[in-house]
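Colleague: Please take one part of this protein and look at it closely. I would also like some sense of the whole chain around it.

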Amino acid sequence: MNKLSFETRKETLNKLTEEKLDVLIIGGGITGAGLALQAGAEDLNAGLLEMQDFAAGTSSRSTKLVHGGLRYLKQFEVELVADITKEREVIYQNAPHIVQPDRMLLPVYDEPGASFTDFSADIALELYDRLAGVDDEWKHTFISKEEVLEGTPGLKEEGLIKGGLYLDYINDDARLTIEILKKASEFGTLLANYVKVTDFLYEKDQIIGVKAEDTLTGETYDIYSSVVVNATGPWSDELRNKQKNEDADRMYPTKGVHFVVDATKLPVKHTVYTDTGLEDERMIFIIPRGDKTYFGTTDTPYKGDLVEPGITEEDVEYLLEAVNNRFPDAQLTFADIEAGWSGLRPLILERGAADASSISRTHDVFVSEAGLVTIAGGKLTDYRLMAQDTFEAIHAELAEKTGQEYSSVETRNIPLSGGDVPDHTKFKEYIEENVPKGVEIGLTEEQARELIDWYGTNIETVFSLVEEAKKIPLPLDLALSLVYALEYEGAMSPVDFFLRRTADLLFSTNEVEKWAPAVVNYMQEYFGWNEEERAQWVEELRETISNIQLNTLKE
């Protein structure tokens, strides 16, 4: 299996400076990952730079669903919904260990400001299924008010008419991004995290590369490429404005916030997608995840720090009011929130949009006079379509600069890393077939099952690391994940591991505090950190834990 490690990162940085690339992608979120995969599939000499960790921005801070955008039907964005509902199935087929189908509940209320009435809910879910080509097994059904309340105890009864059960897909956003990047790496795309682009290189006012800094070492590089692509999401304007004579803003970032509580505080069997009931034309998700439940999201215009958009008291008050309105018996308080995260949607500025929620989630590709290709907007679900559209512009730029013709390669049937499940085998069957292999090396059945569910067909490589993992004073499943993250997934820090290679920082915060010393000790030995470097990474982890636990607001 292709490695992504501290050592291969050094080799990658050397390769990036040795020869001119066809395509250099700036941004290691879901959009950049899709571009990296497309470039690799087309056998282009390509590289990708990410100034933070892979998926550190928007692509680890979403609602963690691959959903089709049911509410966009209210805005008559039928074409968008048609595209992304079909893409859900494509992603599921290529990454069944990450993206899995589930029935979601849409409660239908008779109340002022309802997004879906008794009549419109019927039409919307029927159209939703038709656009997605949903098969009979997963077609929507409506259940009575009594059945809704039986299946979702605690849901507000007043005004409830019925509920719609419909298909959408659960997902881990960071995991999806990293598996796409790993597949791109297998195809030959050169990937480097913690490398920040500081300026562009020019020849006759045309961009021919970038100046970049390795933020881990302070080393600087000149990297040359025929085409440079800006896939930095909320940072798109900031990067575009580094160009000569370029200062036009196109982005309109909005902030989305989510909170985690213990499942006993807010027990739900299915994801619930519902109006807030606050007559604000907003909808929220309430999502079960193991022994936790999380809910969100806000959608407010944002100006401020793009790296770490803060969570405010207003965010807390709004979401608590919304979820308590829909689950009045829960009576959740600030003290019940165990963790929270905020992220930015990279929306494109539109004239005439009434508010943030009404701005389209479509994407746009534009090329500057200096030749910088920018892809902005879009949703996590349509990353593959965004890559296809962007490569039309990339091919045109390459043809102009090289005199050669370029054609697109279809990525629809390319399994992502970990998604190579044998034909005619369902992923649940694959899990059960491989659980005994995990038990054989010392895992419990539950640990083995969870690891296989997380890593898919890469589990054979994970299990092969058992001898090294057993040297670390951690539970074996966590130790295996740590060694794999360092050797094969490019993790460079404790936060990379606990937040994006696993999701423990969000959904098992107390466990992170318990096991952090052993993880840091192993990383110090692995990377050769001195005491000052160790202290810096420990402080970053401490601050991240504090932010996620909302300690500043709780003081």
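Modeller: Start with the contacts. Among contacts in the chain with a separation of 6 or more, 72% join residues 24 or more positions apart. Contact means heavy atoms within 4.5 Å. This is a predicted model: local features need pLDDT of at least 70, side-chain atom pairs count only at pLDDT 80 or more, and totals for chains, interfaces and linings use all residues. Residues are numbered from 1 along each chain as its sequence is written, and side-chain values use heavy atoms, with hydrogens and water left out.

Now the strand. The chain has 19 helices and 18 strands. Both are DSSP runs, numbered from the N terminus: helices are H or I with at least four residues, strands are E with at least two. Strand β1 covers residues 21-26. Five of its six residues are buried, so β1 is largely enclosed by the rest of the structure. Buried means under 20% relative accessible area, exposed means over 50%, and partly exposed is in between (1.4 Å probe, protein chains only). Across the chain, 60% of the 555 residues count as buried.

What does β1 pair with? Two strands pair if DSSP finds at least two bridges between them. One partner is strand β10, residues 220-230. The two run parallel, over five bridges. In this pairing, Leu21 stands opposite Ser225 of β10. Another partner is strand β2, residues 46-50. β1 and β2 also run parallel, joined by four bridges. Here Val23 stands opposite Ala46 of β2.

Next, some loops elsewhere in the chain. Tyr194 lies between β7 (190-193) and β8 (195-203). Its phi is near 60°, a positive value in a residue other than glycine. Tyr194 is buried, with a relative accessible area of 9%. Lys204 sits in the loop between β8 and β9 (206-214). Lys204 also has a positive phi, about 50°, although it is not a glycine. At 79% relative accessibility, however, Lys204 counts as exposed. A further loop, between β14 (292-296) and β15 (300-301), holds Thr297. The peptide bond from Gly296 to Thr297 is cis, with omega near 25°.

Finally, the whole chain. Its C-alpha atoms fill a box of roughly 65 × 55 × 55 Å, taken along the principal axes. With 555 residues, a compact globule would have a radius of gyration near 24 Å, and the chain's 23 Å agrees. That radius is taken over C-alpha atoms, and the globule rule is 2.2 Å times the number of residues to the power 0.38.
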